Amino acid sequence: MESGTLMTTTLNRPAASSPAPAKPTLTFRQRLNVLDMKGSPYLYIAPFFILFALVGLFPLGYTFFVSLFDWHLLKGQGEFVGLRNFQEVLQDRFFWNSLFNTMSIFLLSTIPQLIVATAIAAVLDQNLRGKTFWRMSILLPYIVTPVAVALIFANMFGEQYGLINNILASFGIERILWTNETLPSHIAIATMVNWRWTGYNALILLAAMQAVPRDIYESAAIDGAGAFRRFFSITLPSIRPTMIFVVITATIGGLQIFTEPRLFDPRTAGGTGRQFQTTVLYLWDMAFQRSNFGKAATIAWLLFLIIILFGIVNYLISRRIATTGDGRGPGSGARRRRRGESAAPAVVLPAVGPQPPAPAADPAPESAGSAGTPARTNPRRAR
Amino acid sequence: MEFSRLRKITALAGVASLAIVASGCSGGGNDEPASADNPVNLTVTTFGQFGYDDLYAEYEEQNPGVTIEATNIDGSANARVDAFTKLAAGSGLSDVVAVEEGWLGQIMEVSDQFVDLNDHGAADIKDNWVDWKFEQGTDPDGRVIGYGTDIGPQALCFNQELFEAAGLPTDREEVAELFGGDNATWETYFDLGRQYNETTGKAWYDQSAFVWNSMVNQMDEGYYTADGELNIEGNEAMRAQFDLLAAGTADGLSANQKQFDWGKGKAFVDGSFAVHVCPAWMLGTIKEQLESAGGGAESGWDVADVFPGGSSNWGGAFLSVPESSEHPAEAAKLAAWLTDPEQMVKQSAAANNFPSTLDAQAEIVEAAVPNELFNDAPYGEIFASRAEGVVAQFKGPDDSVIQENVFAPALKILDNGTGTADEAWNEAITLLNDLVVNN
């Protein structure tokens, strides 16, 4: 972005200083050049947007179109019903049940997962022997296909013959109904999710932790901060942006959970009594068991809106953390000091720096921006 | 119905939310007879235990130029999802598709998407089948959209060892008498169960849903009347059977197993339950379960020529050719060959199921090959006898939904012991209204 503003200022300059019309003097080659300069970037990013429109935007719109009709899976489009599908789905107890299940499984998986992942990352961040071995080991569950994971765990969590219930029974503890009771089934599914994703998140958090400058730890240690104090006061605040990223991806993934509950009991769509039927599973159930494509499309759209809602909440929270993180928060002392040091030249530089005889047309903020660039990147690097 | 274009759009909608891959081509194509110069690839999709592998090889040998690409899906429920997804997408169905009786009702609603086998000589071989099976594969307009493969006449499987331990007779003919022979009733069945439970403290049957399916399947009219109206709420005969089952389950007769799972077959070898409702194809399923759990003939299972409440048929399949097939004539020829009595006998031997053509039935009875896994039971004779008096029941469009999503959860309440018969029945009615009536 900043290099972009620089380019436009240099381009604008001759146009502003020489009052003569520039256009007729441009040769075909030059014009091509200008076109290249202004148009090509759009061309470069076009593939993504074309692809997105094709496989993202169009289906989104078309799904909405379908949701406005009575639409049978096999018999196809029926009558136009307006928003009736939305009205009915919102009054549907199974829809709310599926939302509850999704949220419950999401919370049961994401919270322990992030805590454990952070702890694992913190351990891996120490000077261990055979670093790569440990790091690769925690990623192993991630490369196992979820279908295999679900099969193994469904077996372990079997009610009458499962490994876990057998162990419990040998201790004289009553068997747990892993598929027939709501909370146990959610814990079982959350376990699958956690097993698969904890290592992955730990690696991402580890990468963030490694980017924290070691000298901060050293000075904290010299100041007498213990390992826990250093972790909570330096590590955690420093990896905050990464943490937000991990939370957001975990949220989206959590709200779309399908494979694990689907395969936990492959004979049903989320348990005989819908004990662990998540929203996506309900969508599938609606489309392929109940053959109601219109309502399935409606559920897809409602889920989309809910995910957007979560996205906005996440965004607001992360913005709040980002702004309050500057001045406040535990342990930002060290960072504030550094920031203060580097912020000083940022204020000084624009004033001292050789201000070129800028043309009057050149807007002030832009020149300040371009001139201040080298200094302003400093505090960012410090973060 | 105007689908060709609409259907393609539907396919795209599928991609939208449900990730269906659609290649969007349908109908037409080259339909010259296959020969060495004109090779034809035929795709076939079956499910569960079909026993066709050797037959495919034989057909390929007899018909140079034909190559069969077969897919077998693990069970009927997943086969249904597979078939419906592809029907909705308008492409992707195999040239020959196996359709289960349970979801035939839904297929019938879109029977125009399947080739009328009358165009390929169905009338000439009509008399091969037991008449009700052929009628089931015929739509209201008289188009034949499926050739029957097997049928599911029901007998009663029992475990000799467990019977012996409980002081019950173990000879299969004595067992048939014990249950009442030709006049066997569900009352006797549950009373014997209570007696067994008192002596041994163990469960009688694996779970309630299979018993329920059997009860409903033997009624003249099941979940639907013959006119296609829902027939559950206020159906006193059905409610009486439900109460009978609920009382039995409340007395501890259900082992509350997970259907089609049975702890990966362990329940069949550890004495969890002593009797099992056995449509012919169930023998294949039990065989698979026993193998998975390391059991075998020594596990003590046997099958008796008796069924509570009289004749009953559960399941059985059809072979259909979708309109989207590029080689309908070749596909119909293959379907007819596979369901020919001669091949059916081989299929029956490979898959432990019971054929739906009269000649094949006669041949199996005559051959009298004993089923080693079931204490050398003459299964041909037993199931031929059980098939007598079976009447085809009308299967409505939501039959399989009602079975799996309305009654299965309600019966689970009974199995888990978390509700009374009234509560379970009311739950079934509520589910029925939510899932079927107001869908």
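**Strand pairing, helix packing and the contact between two chains**

In strand β5 of chain B, B:Pro279 stands opposite B:Gln154. The model is predicted, so that local features need pLDDT of at least 70 and side-chain atom pairs count only at pLDDT 80 or more, whereas totals for chains, interfaces and linings use all residues. Residues are numbered from 1 along each chain as its sequence is written, and chains are lettered from A and ligands numbered from 1 in the order in which they are written.

A residue is called buried if 20 or more other C-beta atoms lie within 10 Å of its own, exposed if 12 or fewer do, and partly exposed in between, with C-beta atoms placed from the backbone.

Helix α10 (residues 208–217) of chain B is likewise mostly covered, with 10 of its 10 residues buried. Among them are B:Phe210, B:Trp212 and B:Met215. The buried residues of α10(B) pack against β4, β5 and β7 of chain B, and also against α9 (186–200), α11 (236–250) and α17 of that chain.

Two other helices of chain B, α15 (residues 358–367) and α16 (residues 379–387), pack at an angle of about 135° with their axes 7 Å apart. Axes are lines fitted to C-alpha atoms, for helices over the stretch in contact, and angles between the N-to-C directions run from 0 to 180 degrees. The angle makes α15(B) oblique to α16(B), because angles under 35 degrees count as roughly parallel, those over 145 as roughly antiparallel, those from 65 to 115 as roughly perpendicular and the rest as oblique. In this packing, B:Gln361, B:Ile364, B:Val365 and B:Ala367 of α15(B) meet B:Gly380, B:Glu381 and B:Ala384 of α16(B), two residues being in contact if their C-beta atoms, placed from the backbone, lie within 7 Å. By class, the contact has four nonpolar, two polar and one charged residues. Nonpolar residues are Ala, Val, Leu, Ile, Met, Phe, Trp, Tyr, Cys and Pro, charged residues are Asp, Glu, Lys and Arg, and the others, Gly among them, count as polar.

The contact between chains A and B takes 33 residues from chain B and 24 residues from chain A. On the side of chain B, the elements that give two or more residues are α1 (4–18), α3 (76–89), α4 (101–109) and α17 (399–416), of which α1(B) gives the most, with nine residues. That side of chain B comprises 18 nonpolar, 10 polar and five charged residues.

Chain A has 16 helices and two strands, and 28% of its 383 residues count as buried. Its average pLDDT, the predictor's confidence in each residue on a scale from 0 to 100, is 80, and 77% of the residues score at least 70. Over residues 1–11 of chain A, however, pLDDT stays under 50, and the model has eight contacts beyond four places in sequence for this stretch.

Within chain A, helices α4 (residues 93–124) and α13 (residues 279–288) pack at an angle of about 145°, with their axes 8 Å apart. In α4(A), A:Phe94, A:Phe95, A:Ser98, A:Leu99 and A:Thr102 meet A:Thr279, A:Leu281 and A:Tyr282 of α13(A), and these residues divide into five nonpolar, three polar and no charged. A:Ala225, found in the loop between α9 (214–222) and α10 (227–238) of chain A, is partly exposed, with 18 other C-beta atoms within 10 Å. Not counting residues up to four places away in sequence, A:Ala225 touches A:Ala220, A:Arg230 and A:Ser233.

Key:
Helix = DSSP H or I, 4+ residues; strand = E, 2+ residues; numbered from the N terminus. Pairing = 2+ DSSP bridges.
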